[in-house]
Amino acid sequence: MNSGAEWPQKKLTIGLSPASVPKSGSGFDLAVACAVLGAAERLDPRALTDLMMIGELGLDGRVRPVRGVLPAVLAAADAGYRQVVVPERTVAEASLVPGVSVLGVRSLRQLIAVLADEPVPDEAEDTLGDGRPDPLLSGLAVPGTGACAGLPSGDRALDLADVAGQHNARHALEVAAAGRHHIFFKGPPGAGKTMLAERLPGLLPPLSPKESLEVTAVHSVAGTLPPGQPLVDRPPYCAPHHSATMASLVGGGTGLPRPGAVSLAHHGVLFVDEAAECDARVLDALRQPLESGHVVVARAAGMMRMPARFLLAVGCA
């Protein structure tokens, strides 16, 4: 394992309890490796007591980031855990949960040293990209490249002051933002429907701490958190293409369901342009989240209830 610890040279059987709950992803790697070392008495099993570990383990022994760190730590805190080990790059995200002590490690070697109360060796920082899993390789969309048009980044969001003229449309946007009303844009291509919709989140108030955690948790699961921005504090904006499938809009996919555009737009704006070109069944699927503020997606592998309280903007020629 390139960790300096002696790995048991025998057949290993590892059980993830409870067996009835479907499990997927590489976030179990670090915990499984430490459990094996503890069972083989390479580590003191008492050092692993009441310790939650999240992280993907590479063949070089590095601990790499995974999706969903924030909701996992929130669940750990609810279950009574007060110590969590995560990849170093996700420490800021995990530290958003109050009452939990977070330790970030770069490699299994470092974690073994901490658990054995030995000097922690230096490890070179992983310089492959930004250290996050590539959502495009997982069938997900990154803000600005697909289903999710963007989480606000930088110091300045798109401003309604950038729009010249369009006085009636600007007034309609202000009324919609003030009262959290849904809004319908009608006009030919090039009339400015998308430009106006993109500036609607800038009229909404900043997210409250509770709302920020909810939105951040959704985007953490989806793998769309911007690098260096562990907490989303401004309303998101999602603009799926009119050819989007029902699964990409309300959530789904193979295995355990993943958040769709309605969840990625939670506490923000969902803009559906060219609505007349959308599949009628896809548009009908928006009824439940619009009424209840959440969406329930059921698959053979399990059922998931995801938040989906958004301001809907619809554009049509």
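**View 1. The largest nonpolar core has 22 residues.** Leu249, Val262, Leu270, Val295 and Phe310 touch the most other members. A nonpolar core is a set of buried Ala, Val, Leu, Ile, Met, Phe, Trp, Tyr and Cys residues joined through side-chain atoms within 4.5 Å. Buried means under 20% relative accessible area, with a 1.4 Å probe and protein chains only. The model is predicted: local features need pLDDT of at least 70, side-chain atom pairs count only at pLDDT 80 or more, and totals for chains, interfaces and linings use all residues. Residues are numbered from 1 along each chain as its sequence is written, and side-chain values use heavy atoms, leaving out hydrogens and water.

View 2. H9 gives the most, three residues. Helices (H or I, at least four residues) and strands (E, at least two) are DSSP runs, numbered from the N terminus.

**View 3. A second, separate core has 17 residues.** Among them are Ala169, Leu173, Leu200 and Leu204.

**View 4. Phe185 and Phe271 form an edge-to-face pair.** One aromatic pair is found in the whole structure (ring centres of Phe, Tyr or Trp, its six-membered ring, within 6.5 Å; planes under 30 degrees apart are stacked, over 60 edge-to-face, the rest tilted). Here the centres lie 6.2 Å apart and the planes meet at 90 degrees. Phe185 sits in strand S6 (residues 183-186) and Phe271 in strand S8, 86 residues apart. Phe185 is buried at 7% relative accessibility. Phe271 is buried at 2%.

Technical notes:
Buried < 20%, exposed > 50% of the residue type's maximum accessible area, 1.4 Å probe, protein only.
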